[in-house]
Amino acid sequence: MFLLHEYDIFWTFLIIASLIPILAFSISGHFAPVSEGPKKICSYESGIEPMGRAWVQFRIRYYMFVLVFVVFDVETVSLYPWAMSFDVLGVSIFIEALIFVLILVVGLVYAWLWVSKLADLG
């Protein structure tokens with residue numbers, strides 16, 4: 001039978017983990033000092049006067065480089081456990097990992113072509 005009382009520790013942890021950020025944000029919202037003025041609405045609060053506009057547009061190509069890096073970083077982290085337990089898991093897990101890598105390679109080729117198309121445009 002499914003016994004709910006065995007999950008008391010889990011539910012307690014979940015409630016505490018949910019209440020801590022809520023309490024932290026509410027306490028800081030009530031007790032944080034609020035000051036307004038010309039320095040506060042400035043782009044940078046470091047005391048240095050900004051040069052130019054605060055909103056500078058970056059090329060979308062840089063965002064694509066970051067996204068491709070994140071995808072392959074996650075791939076590396078995901079493949080490591082598969083590689084360490086390959087002898088235990090067998091061939092079926094190897095085929096799943098191969099499909100996973102092929103999907104990521106297709107995504108890399110797509111991103112590469114998209115970035116090169118953007119580079120040609122401007």
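1. A residue is called buried when its relative accessible area is under 20%, exposed when that area is over 50%, and partly exposed in between. In this predicted model, Trp82 has a relative accessible area of 25% and is therefore partly exposed.

2. Trp82 belongs to an aromatic pair with Phe100; the arrangement is edge-to-face, with 5.6 Å from centre to centre and 85° between the planes. Trp82 lies in helix H2 (residues 60–84) and Phe100 in helix H4, so this pair ties together parts that are 18 residues apart in sequence. Phe100, at a relative accessible area of 27%, is likewise partly exposed.

3. How many aromatic pairs does a search of the whole structure find? The search gives two. Besides the pair already described, Phe10 and Trp11 have ring centres 5.1 Å apart and planes at 65°. Planes over 60 degrees apart count as edge-to-face, so the pair of Phe10 and Trp11 falls in that class. Phe10 is partly exposed, with a relative accessible area of 44%, and Trp11 is partly exposed at 46%.

4. The surface also carries a nonpolar patch of about 780 Å², formed by Phe86, Val91, Phe94, Ile95, Leu98, Ile99, Leu102 and Ile103. Helix H4 (residues 91–121) supplies the largest share of this patch, namely seven residues.

5. Leu98 is found in helix H4, and its relative accessible area is 42%, which makes it partly exposed. Residues of a patch must have over 30% relative accessible area, and the value for Leu98 is 42%.

Technical notes
Residues numbered from 1 in each chain as written. Predicted model: local features only at pLDDT ≥ 70, side-chain atom pairs only at ≥ 80, totals over all residues. Heavy atoms only, no water. Patch = residues over 30% accessible without salt bridge, like charges linked within 9 Å, V, L, I, M, F, W, Y side chains within 5 Å. Areas by Shrake-Rupley, 256 points an atom, 1.4 Å probe, with all protein chains shown as cover. Salt bridge = Lys/Arg side-chain N within 4 Å of Asp/Glu carboxyl O. Helix = DSSP H or I, 4+ residues; strand = E, 2+ residues; numbered from the N terminus. Buried < 20%, exposed > 50% of the residue type's maximum accessible area, 1.4 Å probe, protein only. Phe/Tyr/Trp six-rings, centres within 6.5 Å; stacked < 30°, edge-to-face > 60°.
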